[in-house]
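Student: I would like to go through this structure one question at a time. Please show it first.

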Amino acid sequence: MESLARLVAIILGTAFTSGIIAIVLWRKPPRNIIARVFFTVLMIPVICIGVFLATLSVGIGVRMLGVAIFFSAVMAIKSLLSKK
(Lines give C-alpha, C1' and ligand atoms only; values in the text may rest on other atoms or scores of the structure.)
Protein backbone atom coordinates (compact mmCIF):
# COMPACT_ATOMS: atom_id res chain seq x y z
CA MET A 1 0.00 0.00 0.00
CA GLU A 2 2.91 2.36 0.65
CA SER A 3 4.23 1.84 -2.87
CA LEU A 4 0.83 2.67 -4.34
CA ALA A 5 0.65 5.90 -2.35
CA ARG A 6 4.18 6.77 -3.41
CA LEU A 7 3.30 6.10 -7.06
CA VAL A 8 0.20 8.32 -6.85
CA ALA A 9 2.27 11.08 -5.22
CA ILE A 10 4.88 10.87 -7.98
CA ILE A 11 2.24 10.98 -10.72
CA LEU A 12 0.40 13.94 -9.18
CA GLY A 13 3.68 15.76 -8.52
CA THR A 14 4.75 15.28 -12.13
CA ALA A 15 1.36 16.47 -13.36
CA PHE A 16 1.50 19.53 -11.11
CA THR A 17 5.05 20.35 -12.25
CA SER A 18 4.14 20.00 -15.92
CA GLY A 19 1.16 22.28 -15.33
CA ILE A 20 3.43 24.93 -13.84
CA ILE A 21 5.79 24.63 -16.83
CA ALA A 22 2.78 25.05 -19.14
CA ILE A 23 1.71 28.20 -17.29
CA VAL A 24 5.22 29.66 -17.57
CA LEU A 25 5.33 28.88 -21.30
CA TRP A 26 1.88 30.39 -21.74
CA ARG A 27 2.95 33.66 -20.16
CA LYS A 28 6.38 33.92 -21.80
CA PRO A 29 7.07 31.67 -24.79
CA PRO A 30 10.70 31.18 -25.86
CA ARG A 31 11.99 33.07 -28.90
CA ASN A 32 14.14 30.24 -30.26
CA ILE A 33 12.38 28.16 -32.94
CA ILE A 34 13.94 24.88 -31.75
CA ALA A 35 12.78 25.54 -28.18
CA ARG A 36 9.28 26.34 -29.44
CA VAL A 37 9.09 23.04 -31.33
CA PHE A 38 10.49 21.11 -28.36
CA PHE A 39 8.04 22.60 -25.88
CA THR A 40 5.11 22.19 -28.28
CA VAL A 41 5.86 18.47 -28.54
CA LEU A 42 6.34 18.34 -24.77
CA MET A 43 2.89 19.83 -24.16
CA ILE A 44 1.07 17.01 -25.98
CA PRO A 45 1.56 14.48 -23.10
CA VAL A 46 0.67 17.26 -20.66
CA ILE A 47 -2.69 17.64 -22.41
CA CYS A 48 -3.20 13.87 -22.11
CA ILE A 49 -2.36 14.00 -18.39
CA GLY A 50 -4.87 16.81 -17.92
CA VAL A 51 -7.62 14.92 -19.72
CA PHE A 52 -6.87 11.76 -17.75
CA LEU A 53 -7.01 13.55 -14.40
CA ALA A 54 -10.14 15.46 -15.39
CA THR A 55 -11.99 12.24 -16.19
CA LEU A 56 -11.03 10.32 -13.05
CA SER A 57 -13.82 9.68 -10.59
CA VAL A 58 -11.85 10.00 -7.37
CA GLY A 59 -12.66 13.51 -6.26
CA ILE A 60 -13.37 17.04 -7.31
CA GLY A 61 -9.85 18.24 -6.44
CA VAL A 62 -8.18 15.87 -8.87
CA ARG A 63 -10.69 16.78 -11.55
CA MET A 64 -10.06 20.49 -11.06
CA LEU A 65 -6.29 19.89 -11.18
CA GLY A 66 -6.78 18.01 -14.46
CA VAL A 67 -8.86 20.81 -15.95
CA ALA A 68 -6.29 23.40 -14.87
CA ILE A 69 -3.42 21.38 -16.37
CA PHE A 70 -5.36 20.81 -19.59
CA PHE A 71 -6.27 24.49 -19.91
CA SER A 72 -2.74 25.71 -19.24
CA ALA A 73 -1.25 23.23 -21.72
CA VAL A 74 -3.69 24.24 -24.46
CA MET A 75 -2.99 27.92 -23.84
CA ALA A 76 0.77 27.23 -23.84
CA ILE A 77 0.52 25.52 -27.23
CA LYS A 78 -1.57 28.41 -28.53
CA SER A 79 1.07 30.83 -27.29
CA LEU A 80 3.93 28.76 -28.70
CA LEU A 81 2.33 28.51 -32.14
CA SER A 82 1.37 32.17 -32.43
CA LYS A 83 3.52 34.35 -34.65
CA LYS A 84 5.03 37.33 -32.89
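Student: In which hand, left-handed or right-handed, does α1 pass α2?

Tutor: Note at the start that this is a predicted model. The axes of α1 and α2 come within 10 Å. Where α1 passes α2, the crossing is left-handed.

Student: How is α1 oriented to α2: roughly parallel, roughly antiparallel, roughly perpendicular or oblique?

Tutor: The two axes, those of α1 and α2, cross at roughly 130°. Angles over 145 degrees count as roughly antiparallel, and 65 to 115 as roughly perpendicular. The angle therefore makes α1, relative to α2, oblique.

Student: Which residues of α2 meet α1?

Tutor: On the α1 side, the contact is made by Leu12, Ala15, Ser18, Ile21, Ala22 and Leu25. By class, the residues of the contact of α1 with α2 are ten nonpolar, one polar and no charged. On the α2 side, the residues are Phe39, Met43, Val46, Ile49 and Leu53.

Student: How are α2 and α3 oriented to each other?

Tutor: Helix α2 covers residues 33-55 and helix α3 covers residues 60-81. Their axes come within 8 Å and cross at roughly 160°. Angles over 145 degrees count as roughly antiparallel. The orientation of α2 and α3 is therefore roughly antiparallel.

Student: How many charged residues does the contact of α2 with α3 have?

Tutor: The crossing of α2 and α3 is left-handed. Their contact has 18 nonpolar and four polar residues, and the charged residues number two.

Student: Which element gives the most residues to the largest nonpolar core?

Tutor: The largest nonpolar core has eleven residues, among them Ala15, Met43, Val62 and Ile77. The elements that give two or more residues to this core are α1 (2-27), α2 and α3. With five residues, the element that gives the most is α3.

Student: Is serine 72 buried or exposed?

Tutor: Serine 72 lies in helix α3. Not counting residues up to four places away in sequence, serine 72 touches Gly19, Ala22, Ile23 and Trp26. The relative accessibility of serine 72 is 3%, and the cut-off for buried is under 20%. Serine 72 therefore counts as buried.

Key:
Residues numbered from 1 in each chain as written. Predicted model: local features only at pLDDT ≥ 70, side-chain atom pairs only at ≥ 80, totals over all residues. Heavy atoms only, no water. Axes fitted to C-alpha atoms, helices over the stretch in contact; angles between N-to-C directions. Helix = DSSP H or I, 4+ residues; strand = E, 2+ residues; numbered from the N terminus. Parallel < 35°, antiparallel > 145°, perpendicular 65-115°, else oblique. Left-handed = near helix turned anticlockwise from the far one by under 90°. Nonpolar A, V, L, I, M, F, W, Y, C, P; charged D, E, K, R; others polar. Core = buried A, V, L, I, M, F, W, Y, C linked by side-chain atoms within 4.5 Å. Buried < 20%, exposed > 50% of the residue type's maximum accessible area, 1.4 Å probe, protein only. Contact = heavy atoms within 4.5 Å.
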